[in-house]
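Here's a quick briefing to read alongside the structure. Have the viewer open, and start with the heading below.

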Amino acid sequence: MGQRQKGTSPTPTWQSGNLLKKLSGDLPFFHIKEALGFALAVYSESKLPFNNLSSFKLPSELLHTKIISFNDIKILDDSYNSSLESIEYAMKSLLKLKAKRHLILLSDTHETHNAEEYHENIGKAVAAFSPDLILLYGKYTHSVKSGALKNGYPKEKIIILTDSFCESLVARLTLPLLSPFDALLIKGSHGTNAYKIAPLLTK
């Protein structure tokens, strides 16, 4: 590595493999990128030296994937984002949970510019995993539904709850659809308030 120019900041030296392990565990690559982004953002504010990463901790709200149990129902709360890749990974995790039914409560992703096409592709991807029920809310519910139908998913297993992002309304509409021994995945970008739904369902 060449010498840095006078007046520039030193290049941090750190073992990337160890840092990725600290931040991500066995999370897929897209989550690793998110974790690193947040880590660097927090680092820039805290001025924490890179040689002291052993004491570095991400805020608890950024360690977002949780499994919550109530009334013999399991909730996989992975509501931090809803990119296509993260949904596919989360669906695999959902199906690993022992349950009578596997359901997904899905809202919009705000991580794309071609929104209608992207949400249609999300619908196709979710349908490929054949969940027992797809519950939708938000602006692009019909695009997601269209994609799922194009991939052969049964129309009667898709329920559009509302086009609102009101978390209390979504929780109120979702709860009667759950039964003991269900497993429910919650996915949605931060702006859809998906992260607020699990606490409302379980309170």
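**Ser 107 and its surroundings**

A polar atom of the Ser 107 side chain sits 2.9 Å from the backbone oxygen of Tyr 137. Keep in mind that this is a predicted model.

- Ser 107 counts as buried because its relative accessibility is 3%, against a cut-off of under 20%.
- Leaving out residues up to four places away in sequence, Ser 107 touches Ser 82, Tyr 137, Gly 138, Phe 165, Lys 187, Gly 188 and Thr 192.

**Nonpolar cores**

- The largest nonpolar core has 22 residues, and those touching the most other members are Leu 94, Ile 104, Leu 106, Ile 122, Val 126, Ile 134 and Leu 185.
- Two or more residues of this core come from each of α3 (84–96), β3 (101–106), α4 (115–128), β4 (133–137), α5 (141–150) and β6 (182–187).
- A separate core has 18 residues, including Ile 73, Leu 161, Leu 184 and Ala 194.
- Val 126 is in contact with Ile 87, Met 91, Ile 104, Leu 106, Pro 131 and Ile 134, setting aside neighbours within four places in sequence.

- Thr 141, Ser 143, Val 144, Gly 147 and Ala 148 are the buried residues of α5.
- These residues lie on the same side of α5 because they span an arc of only 165° around the axis.
- His 142 and Lys 150, on the other side of α5, are exposed.
- The packing partners of the buried α5 residues are β3, α4, β4 and β5 (158–162).
- After α5 comes Gly 152, with a positive phi near 85°.

Methods:
Residues are numbered from 1 along each chain as its sequence is written. This is a predicted model: local features need pLDDT of at least 70, side-chain atom pairs count only at pLDDT 80 or more; totals for chains, interfaces and linings use all residues. Side-chain values use heavy atoms; hydrogens and water are left out. A nonpolar core is a set of buried Ala, Val, Leu, Ile, Met, Phe, Trp, Tyr and Cys residues joined through side-chain atoms within 4.5 Å. Buried means under 20% relative accessible area, exposed over 50%, partly exposed in between (1.4 Å probe, protein chains only). Helices (H or I, at least four residues) and strands (E, at least two) are DSSP runs, numbered from the N terminus. Contact means heavy atoms within 4.5 Å. The arc is that of the directions from the helix axis to the C-beta atoms. A polar contact is a pair of N or O atoms within 3.5 Å; within protein, one must be able to donate a hydrogen and the other to accept it, and residues adjacent in sequence count only if both atoms are side-chain atoms.
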